[in-house]
Amino acid sequence: MATHSARLGLLVLALSLVAPSPIKADRMTVRLATATSTENSGLLQRLLPPFEGRTGYRVDVIAVGTGKALRLARDGNVDVVLVHAYEDELRFVADGYGVNRRDVMYNDFVIVGPLDDPAAIRGLQDAADALRRIAASQSSFVSRGDDSGTHKKERALWQAAGVMPSGSWYREVGQGQGRTLQMAGELQAYVLTDRGTWIAHRRIMPILVEGDASLYNRYGVIAVNPARHADVNYMGGMRLIGWLTGVRGQSIIRDYRIAGEPLFFPLAVGP
Amino acid sequence: MDNLLGASREALLLLVSGDPSLWTIVGISFSVSLKAILLTAPVALVIAFLLAHTRFLGRRALITLFQTLLAFPAVVVGLTLYLLLSRSGPFGDLRLLFTQIAMVIGQMVLCFPILVAMGHAAIQAADRRAWETAITLGARPARAMLTLMHEVRFGLVAAVIAGFGRIIAEVGCSLMVGGNILNHTRNITTAIALETTKGQFAEGIALGLVLLVLALLLNFALMLLQGKGVMHS
Amino acid sequence: MKPEPILQFRGLRKFLANRWLLDISELSISAGQCMILSGDNGVGKTTLLKIMAGLEPPDAGEVSYDGKVLPLRTAPQQYRDNIVYLHQSPYLFDCSVIDNVAYGLRRRRMPRAAVQAKVAEVLEWAGLEHLGKRNAKYLSGGEKQRVALARARVLAPKVLLLDEPIASMDYKSRERTYVLIERLKKEGMSVVITSHELSAVLPLADVHMYLRDGKLHDERQDNTAAQMSWLISSENRHND
């Protein structure tokens with residue numbers, strides 16, 4: 001009888017040493033929702049491992065359209081969200097879903113298109129004007145159409161151009177940046193894309209318009225409000241935000257290059 | 001749970017109100033799949049007949065091949081077709097990529113093995129005497145074939161329904177060669193797959209409901225036909 | 001003077017599995033002739049009938065139709081238009097009796113009115129007028145047999161091949177079928193019947209052949225020869 005309970009006790013002890021307690025594992029994982037373009041750029045592969053190494057946290061990245069990323073954060077299915085949709089981010093915080101919004105970095109969008117440039121927009125300084133010309137000539141244009149940060153930027157540009165794009169020349173594909181670029185290449189159509197994805201996709205079509213201030217793209221990071229969802233990893237989320245906006249994280253962002261070109265420009269001034 | 005119920009309620013409202021963007025998507029699904037099945041069925045059923053009634057070298061191998069293709073993943077068909085139709089591919093000049101035509105072609109490939117395999121089974125199960133009777137009464141072989149098919153029509157219609165069921169619900173092929181372009185190549189399945197990336201679950205659920213109801217109707221029809229087929233044999 | 005044969009086979013051979021199923025030196029059907037074909041089960045009667053119907057090709061031999069010799073491979077297509085074969089349990093299509101009977105006529109592209117008239121006439125002939133609209137699948141065995149006969153007769157073929165037409169039939173159906181076959185004979189149609197219930201069909205026969213070991217034997221001739229030899233031997237005994 002005594003040996004029976006002793007053996008049982010030994011078993012429980014062994015199991016508790018070997019098997020990780022589920023609660024503890026959660027606390028060491030931070031779930032980050034971000035836009036597909038950010039994931040595609042490869043920056044996170046450079047930025048997150050040092051953080052994981054230093055702190056022992058593991059970061060799970062869920063890359064979806066900006067709309068879905070914010071939705072995941074609203075539902076408490078992630079701990080932190082990193083997107084590029086300034087108005088939506090402010091509203092997110094104002095509605096009480098998120099706390100501690102910080103600027104992280106910015107990058108720029110470019111308009112790329114077919115080599116023969118049927119709408120004659122090459123070299124234009126005004127992005128909205130370029131879109132106006134595309135609409136006027138009914139040249140093929142591919143839109144992400146998925147409420148992503150890029151899509152919102154595109155819509156803002158159409159609005160500035162005073163045009164409601166519609167017709168068979170304007171195709172909304174509802175997909176991620178990489179796939180959208182690929183499709184534009186196949187269809188030889190104009191498309192708005194972030195520079196990172198363009199570089200990463202081996203320069204499918206040439207850049208025709210760049211440098212306009214309206215094409216700049218600001219990234220913000222927000223922690224999910226623990227008051228709304230008690231079981232989010234608030235501590236882990238805040239530490240990640242600290243890393244992204246801290247000196248070391250920001251210098252990684254500044255030094256990140258693809259094919260010798262910088263992609264993102266740091267915005268945070270420090271913790 | 002709230003989320004699910006809320007989205008479902010919204011979904012039903014969307015469907016009932018005749019929301020045009022939703023019903024456009026449904027219309028594209030049906031348009032593409034109906035074209036695919038109507039174009040494929042006659043050829044596939046004739047091939048099924050030939051497989052059942054003529055003897056040639058490699059017949060058994062061909063039958064086995066079709067039965068294997070039954071399980072061919074839609075995504076693989078989609079990828080292969082994409083590579084063929086891409087600008088850098090052999091048929092790029094046709095500019096068929098990201099059009100409904102490409103989707104129809106893909107779905108034709110998908111439903112072809114089902115039609116042949118199930119058609120073959122139905123025709124094989126036909127009474128041998130039916131063919132001989134038709135011939136002895138003066139029918140030419142082509143006419144006799146049609147008569148035989150009429151005799152096993154329930155089994156053949158079941159094959160068509162099964163083929164249609166597969167292609168109306170597939171997403172891998174439609175997504176790859178269609179591109180989910182709004183009002184052009186966005187059908188029920190690609191919309192469900194990608195609408196949710198916008199965080200708009202209500203649309204996704206609404207479309208899912210349409211598919212579910214359709215699947216129920218198809219299976220019900222199949223059940224009735226199989227009963228009738230048995231009764232008539 | 002024997003009437004001119006319609007269909008004639010010489011040196012007819014059919015191979016099955018690993019032996020010659022049929023090895024017939026001569027077989028001919030003449031106009032208006034009724035031939036009974038008997039033999040054990042599985043001896044090849046059905047195969048022979050199907051070859052005569054043009055539903056199966058022979059492996060060797062010479063085929064003549066209407067006096068003309070036909071090339072072996074394409075022969076079946078050429079002579080089967082005037083010959084109709086009925087299965088042992090005839091197969092009726094999944095439609096009405098009228099549509100079944102009209103099947104062969106419709107293939108000939110006759111005007112609708114003509115088709116309707118002929119069908120009505122033959123249904124009367126077979127005593128089936130009341131069954132016209134019924135689905136043929138739901139008829140009794142005897143009724144199906146008569147529909148099949150009507151369906152064949154309406155095409156006015158030169159030769160009718162009946163495979164065991166009265167097997168497994170009740171007495172009443174058997175009688176009605178017999179009457180119809182008799183009528184066909186009177187109308188001048190050549191009929192070949194296989195049966196293993198000889199007593200029922202023998203009265204109809206002009207010729208009785210039996211099939212054994214792949215060869216056809218003339219039953220009456222053999223019987224006559226047997227009788228002759230018995231007579232001779234008994235006479236001899238008398239004289240001893």
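Which residues is Val192(C) in contact with, leaving aside its neighbours within four places in sequence?

1. Contacts of Val192(C). The partners are Ile29(C), Met35(C), Leu37(C), Leu49(C), Met52(C), Val159(C) and Leu161(C), with neighbours within four places in sequence left aside. Contact means that two C-beta atoms, placed from the backbone, lie within 7 Å.

2. Basis. This is a predicted model: local features need pLDDT of at least 70, side-chain atom pairs count only at pLDDT 80 or more, and totals for chains, interfaces and linings use all residues. Residues are numbered from 1 along each chain as its sequence is written, while chains are lettered from A and ligands numbered from 1 in the order in which they are written.

3. Buried means 20 or more other C-beta atoms within 10 Å of the residue's own, placed from the backbone.

4. Chain B. The chain has 11 helices and 0 strands. Helices are DSSP runs of H or I, at least four residues; strands are runs of E, at least two. Of its 233 residues, 43% are buried.

5. Chain pairs. In chain B, 14 residues are in contact with 16 residues of chain A. Chains A and C do not touch; their nearest C-alpha atoms are 51 Å apart.

Key
A residue is buried if 20 or more other C-beta atoms lie within 10 Å of its own, exposed if 12 or fewer, and partly exposed in between; C-beta atoms are placed from the backbone.
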